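Please consult the sequence and structure shown below while reading.

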Amino acid sequence: MNKTLLTGLLITILMLAASFFGQYFAPHDLSEHVSIDYLVDENGESNLIVPPLAPNSSYPFGTDKYGYDMMAKLLAGAKYTIIASLAVAVVRIAAGGIIGLLIGYLSKSKPARTDRVPIWNVLNGIPIFIIVWMVMIGVTMNPSASPFTMALILSVVLALVGIPSVASTVKEKTLVIREKQFILSAKSIGAGHWTIIRTHLFPHLKESFLILFVQEIVLILGLFGQLAIFNIFVGGTTMYFDPVEYVSRTNEWSGLIGQARNNLFINQWILVIPLIAYIVFILGFHLISIGLEKLYKQKFSKFSHI
Amino acid sequence: MAKVTRVSFIIVGILLFVLVFAMFPAVLQPDRLDGSLQFQWTKGLSSISGYFKGMAGGETFRYMSGTNELSFWIEIGRSFTVTFTYMMIGAVIGMTIGILLGIYFAVTRAHWLKRLLELTSVLPDFVIVMLLQFLIVFIASETGIVVFQVASFSTDEPAVALPLLSTIIIPAIYMIRNVALHMNLTLTEDYISFAKARGLGKRYIIFYHALPNVLPFVKADLHKFMAILFGNLFIFEYLYNLGGVTMLVFSNAFTREGYQYSLVVNGIFTLLLLYAIIFAVLKALVYGWGKVFAR
């Protein structure tokens with residue numbers, strides 16, 4: 001266990017714990033909000049309280065402009081951010097992994113030469129989040145479906161668009177392992193396809209799957225954020241018309257960032273605090289992925305001559 | 001199958017894919033009553049046929065911006081120039097810096113630098129843009145000096161420095177990582193230790209033995225590089241409020257009358273054209289690098 005991995009795990013576990021148990025310790029919850037108030041203390045000094053309140057002792061993360069506690073919002077949204085990203089990553093890895101393994105094992109093709117690329121790749125010019133945007137934009141504004149259903153729909157779409165890339169990565173890796181001697185000897189002593197996949201290919205890909213899983217989580221969180229910039233939030237968007245304003249229904253973190261984009265110049269904590277939470281969460285998973293890579297690299301690697 | 005027919009098949013396939021893919025917002029609609037998803041395929045198909053029917057009369061190349069009807073051909077020129085400039089600069093400079101710094105990162109002993117790079121590379125593009133904007137706001141509020149404009153507030157005074165910075169940084173980070181990775185792998189090869197044993201200089205080995213063997217990987221990864229460049233384009237045009245192609249398409253995709261199918265299709269075709277041009281330029285650039293450092 002190295003320090004990088006440990007730090008990453010620590011951050012992730014802390015975040016998970018906060019999202020599930022934080023609501024019991026938080027000073028405020030989502031039902032209470034600060035209303036406009038005018039207080040005069042015993043010295044005769046008057047004080048006008050108008051949300052948004054800057055971070056203070058009672059509201060450590062401040063409040064949003066309607067007076068709701070930012071910490072309560074973050075805690076409420078964390079469940080969506082964490083569970084949705086994990087679930088999408090699990091589906092991507094499971095489906096993409098199985099498809100990639102099977103294609104890689106059964107196909108006749110050799111490992112791809114690195115310098116030939118099909119012209120199909122022009123479609124890379126259309127980024128993934130635009131594809132998701134196209135699918136979701138008609139559905140996501142003021143939906144009558146519940147936030148959970150909307151989060152589910154978005155997760156399914158995100159999982160589907162991510163499966164091909166996982167499958168092709170796994171396929172490439174499988175193609176390399178398939179050529180190894182031990183596969184040949186297993187075949188020659190009469191092992192069936194299923195046995196080879198289960199006892200030879202999969203154990204060699206286990207580490208890759210784990211690292212791929214963590215990297216997918218980071219990618220998915222990035223996609224959440226990019227979609228939120230374009231007002232598609234996990235769990236649906238509430239759109240107010242006069243003036244036009246987009247609000248996340250679930251307080252999911254990337255949604256909080258997306259809806260607070262205008263707070264760049266004033267009341268910046270409304271934007272900064274979700275942004276920091278989001279970055280720390282991503283960095284946690286990133287550290288895990290680096291730590292895992294380091295752990296596995298120690299087993300076998302060559303060293304630079306220079 | 002001859003190469004020409006194969007390529008033309010694929011091109012038709014790509015065009016069809018764009019046509020089908022752009023009709024999604026028209027097809028996928030929530031039910032007004034219970035919110036369940038509904039697929040209205042006839043609506044999608046009619047928008048495709050409308051696209052082809054409108055070609056002769058020119059309706060395909062007109063779109064509504066608010067309540068004004070505008071011609072796509074007239075408006076696209078300016079947007080295309082904006083997007084093209086930023087993409088070109090980002091692609092060429094980002095790649096050059098990426099390769100040079102990638103070589104440096106592969107041989108440097110400064111591990112904190114590598115860690116910093118890893119950390120920035122994992123942040124999504126919009127976070128980097130927002131952090132840059134924050135930096136400007138922070139400097140301005142501390143010192144009163146507005147170093148760069150945070151975003152374009154009008155077309156007369158566009159923000160230039162910050163968009164340029166982010167259009168270079170984000171693809172460059174990917175390139176640096178990629179080149180450094182392959183450089184590190186190449187430096188473990190036997191021919192490198194052989195060259196070292198012959199007493200060749202470090203710089204010579206890196207540029208004339210290792211780099212020519214890294215460039216094929218750069219070439220193979222060009223499409224991924226382009227994908228990052230284009231994904232980034234959507235984000236930064238939006239966040240910096242630049243009047244490029246993606247902004248033209250996405251700020252006008254939905255109007256009072258509904259979804260403008262032909263505008264979106266035309267816009268995506270424009271982007272694919274841009275993709276082809278920039279890809280060709282980058283390929284030429286890699287080819288040039290290969291020629292310079294060939295022995």
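## Domains of chain B

Between them, domain 1 of chain B and domain 2 of chain B bury about 900 Å², of which 81% is on carbon and sulfur atoms; buried area is the accessible area (1.4 Å probe) that two parts lose on being put together, summed over both. V18(B), A22(B) and Y51(B) supply 53% of the area that domain 1 of chain B buries against domain 2 of chain B, more than any other three residues. Domain 1 spans 3-57 and domain 2 spans 75-292, with bounds taken from an automatic or database domain assignment. The centres of the two domains, taken over C-alpha atoms, are separated by 31 Å. Twelve residues from domain 1 of chain B and ten residues from domain 2 of chain B take part in the contact (heavy atoms within 4.5 Å).

## Basis of the model

The model is predicted: local features need pLDDT of at least 70, side-chain atom pairs count only at pLDDT 80 or more, and totals for chains, interfaces and linings use all residues. Residues are numbered from 1 along each chain as its sequence is written, chains are lettered from A and ligands numbered from 1 in the order in which they are written, and side-chain values use heavy atoms, leaving out hydrogens and water.

## Nonpolar cores

A nonpolar core is a set of buried Ala, Val, Leu, Ile, Met, Phe, Trp, Tyr and Cys residues joined through side-chain atoms within 4.5 Å. Buried means under 20% relative accessible area, exposed over 50%, and partly exposed in between (1.4 Å probe, protein chains only).

The largest nonpolar core has 151 residues, and those touching the most other members include W133(A), M95(B) and F230(B). Domain 1 (3-57) and domain 2 (75-292) of chain B both give residues to this core, so the core lies between them. A second, separate core of 14 residues includes L101(A) and V166(A).

## Salt bridges

Over all chains, the structure holds four salt bridges (a side-chain nitrogen of Lys or Arg within 4 Å of a carboxyl oxygen of Asp or Glu). One of them joins the side chains of R92(A) and E216(A) at 2.6 Å, N to O. R92(A) lies in helix α2 (residues 70-106) of chain A and E216(A) in helix α6 (residues 193-229) of chain A, 124 residues apart; helices are DSSP runs (H or I, at least four residues), numbered from the N terminus. R92(A) is buried at a relative accessible area of 4%, and E216(A) is buried at 5%.

Key: Helices (H or I, at least four residues) and strands (E, at least two) are DSSP runs, numbered from the N terminus.
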